[in-house]
Amino acid sequence: FFLMIRRPPRSTQSRSSAASDVYKRQVHGELMENTEEGQKNIIDITGDGKVTKEVIQEGTGEQPQNEQVVEVTYKGTLLDGTEFDRNLDTFDFRLGENKVIKGWELGVASMKQGEKSIFTIAPEYAYGDKEQQNIPPNSTLKFETVSYTHLTLPTIYSVQISVVAVSLKK
């Protein structure tokens with residue numbers, strides 16, 4: 001478990017300060033809740049209690065580094081259990097490109113391969129006071145997330161080319 005094992009930090013040369021901060025909080029962070037029944041351990045990822053992680057199943061290996069591509073599956077719900085999004089096929093994104101909400105990126109950056117966790121993300125690290133599809137403003141979100149792979153891929157630039165076929169009849 002992250003908080004019980006002390007190990008020296010990895011090199012942070014290629015990692016963003018946010019990813020390094022996440023790593024430091026995991027090793028030296030606070031265990032927010034520890035109950036006798038079931039040992040429910042909640043990790044405060046951001047240090048302010050606004051992004052927390054409950055590990056359901058431990059993973060193996062290293063945590064992903066900034067700019068690595070991560071593949072995950074997830075289910076997103078509001079605190080009342082209303083589901084707003086689900087992806088059971090793998091969803092991938094590159095850490096550090098701000099393609100997903102900040103709280104989820106910080107949470108996924110803290111996961112090992114094969115880990116299953118539930119993140120609770122306060123509005124400040126989610127959509128804030130903006131309404132987003134079926135998510136009301138100022139909503140705290142929960143994401144049940146499974147991390148599959150962490151890949152180091154070169155930056156790929158995609159170009160979309162449209163070809164229009166025209167058939168002329170005489």
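Mentor: Let us take strand β4, residues 69–78, which is mostly covered, with eight of its 10 residues buried. Buried means under 20% relative accessible area, exposed means over 50%, and partly exposed lies in between, with a 1.4 Å probe and protein chains only. Strands are DSSP runs of E with at least two residues, helices are runs of H or I with at least four, and both are numbered from the N terminus. The model is predicted: local features need pLDDT of at least 70, side-chain atom pairs count only at pLDDT 80 or more, and totals for chains, interfaces and linings use all residues. Residues are numbered from 1 along each chain as its sequence is written, and side-chain values use heavy atoms, with hydrogens and water left out.

The setting comes next. The protein has two helices and seven strands, in the order α-β-β-β-β-β-α-β-β from the N terminus. Of its 170 residues, 40% count as buried.

β4 pairs with two strands, where pairing requires at least two DSSP bridges. With strand β5 (residues 83–94) the pairing is antiparallel and has eight bridges; there, K75 has R86 as its bridge partner. Four residues separate the strands in this hairpin, and among them G81 adopts a positive phi near 95°. With strand β7 (residues 141–151), β4 also runs antiparallel, and 10 bridges join the two. In that pairing G76 stands opposite F143 of β7. As a general point, side chains in a regular strand alternate between the two faces of the sheet.

Aromatic rings connect several of these elements. Rings of Phe, Tyr and Trp (its six-membered ring) pair if their centres lie within 6.5 Å; planes under 30 degrees apart are stacked, those over 60 are edge-to-face, and the rest are tilted. The count by this rule is eight aromatic pairs. The F91 and F93 pair is tilted, because the ring centres are 5.8 Å apart and the planes stand at 40°. F91 is partly exposed at 26% relative accessible area, whereas F93 is buried at 4%. W104 and F143 form another tilted pair, with 5.4 Å from centre to centre and 35° between the planes. This pair links distant parts of the chain, since W104 lies in helix α2 and F143 in strand β7, 39 residues apart. Both residues are buried, W104 at 4% relative accessibility and F143 at 6%. Ring pairs join Y74, F84, F91, F93, W104 and F143 into a cluster.

Helix α2 (residues 102–109) is largely enclosed by the rest of the structure, because seven of its eight residues are buried. W104, L106 and V108 are among those buried residues.

The largest nonpolar core draws these elements together. Such a core is a set of buried Ala, Val, Leu, Ile, Met, Phe, Trp, Tyr and Cys residues joined through side-chain atoms within 4.5 Å. It has 23 residues, of which F93, W104, V108, F119, I121, L141 and F143 touch the most other members. β4, β5, α2, β6 (116–121) and β7 each supply at least two residues of this core.
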